[in-house]
Amino acid sequence: MPKMPKTPSHLRPATQKWWKSVLADFDLEDHHLRLLQLAAEAWDQAQGAREVLDKDGQTFTDRFGQPKERPEVGILQNARIAFARLLRELALDGADAPEAPRMNRTRDYGPRA
């Protein structure tokens, strides 16, 4: 029986729990473990940005009195995109595995079939 990889200690407790549940359900190779860690870190980064935005709002007033978007808005968006892409690469749900070719989107974003 292979040894269970150690959960990264810098992850949030809820994310560590998710990490363990993924490892319990799937047999991952070393390169998949790296993708899983990146996905977990992206999730934690998104959660951190979300906490700041919940507390401080999405904008602030600059020194000229103009509203500006907080940097956490971009951090949240980028982390969400990274998380979704990493999950897709891991193909944990078994659908659309990375080995399957992805169809190009049409100009009008119509169906992929």
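This is a predicted model: local features need pLDDT of at least 70, side-chain atom pairs count only at pLDDT 80 or more; totals for chains, interfaces and linings use all residues.
User: How many aromatic pairs does the structure hold?

Analyst: The structure holds two aromatic pairs. One of them joins Trp18 and Phe83, with ring centres 5.9 Å apart and planes at 55 degrees.

User: Why is the pair of Trp18 and Phe83 called tilted?

Analyst: Planes under 30 degrees apart count as stacked and over 60 as edge-to-face, with the rest tilted. The planes of Trp18 and Phe83 stand at 55 degrees, so the pair is tilted. The centres, 5.9 Å apart, also meet the requirement of lying within 6.5 Å.

User: What makes this a link between distant parts of the chain?

Analyst: Trp18 sits in helix H1 (residues 13-25) and Phe83 in helix H3 (residues 71-90), and the two are 65 residues apart.

User: Why does Trp18 count as partly exposed, and why does Phe83 count as buried?

Analyst: Buried means under 20% relative accessible area and exposed means over 50%, with partly exposed in between. Trp18 has 25% relative accessibility and therefore counts as partly exposed. Phe83 has 16%, so this residue counts as buried.

User: How do you know that Trp43 and Phe83 form an aromatic pair?

Analyst: The limit for ring centres is 6.5 Å, and those of Trp43 and Phe83 are 5.1 Å apart. Their planes make an angle of 50 degrees, and the pair is tilted. This pair also links distant parts of the chain, with Trp43 in helix H2 (residues 30-56) and Phe83 in helix H3, 40 residues apart.

User: Why is Asp62 called buried?

Analyst: The relative accessible area of Asp62 is 18%, and the term requires a value under 20%. Asp62 lies in the loop between strand S1 (59-61) and strand S2 (67-69).

User: What does the side chain of Asp62 reach?

Analyst: It reaches the backbone nitrogen of Phe64 at 2.9 Å, and the cut-off for a polar contact is 3.5 Å.

User: Where is Ala91 found, and why does this residue count as buried?

Analyst: Ala91 belongs to the segment after H3. Its relative accessibility is 16%, so Ala91 counts as buried. The C-alpha atoms of Ala91 and His32 are 10.0 Å apart, while 59 residues separate the two along the chain.

Methods: Residues are numbered from 1 along each chain as its sequence is written. Side-chain values use heavy atoms; hydrogens and water are left out. Helices (H or I, at least four residues) and strands (E, at least two) are DSSP runs, numbered from the N terminus. Buried means under 20% relative accessible area, exposed over 50%, partly exposed in between (1.4 Å probe, protein chains only). A polar contact is a pair of N or O atoms within 3.5 Å; within protein, one must be able to donate a hydrogen and the other to accept it, and residues adjacent in sequence count only if both atoms are side-chain atoms. Rings of Phe, Tyr and Trp (its six-membered ring) pair if their centres lie within 6.5 Å; planes under 30 degrees apart count as stacked, over 60 as edge-to-face and the rest as tilted.
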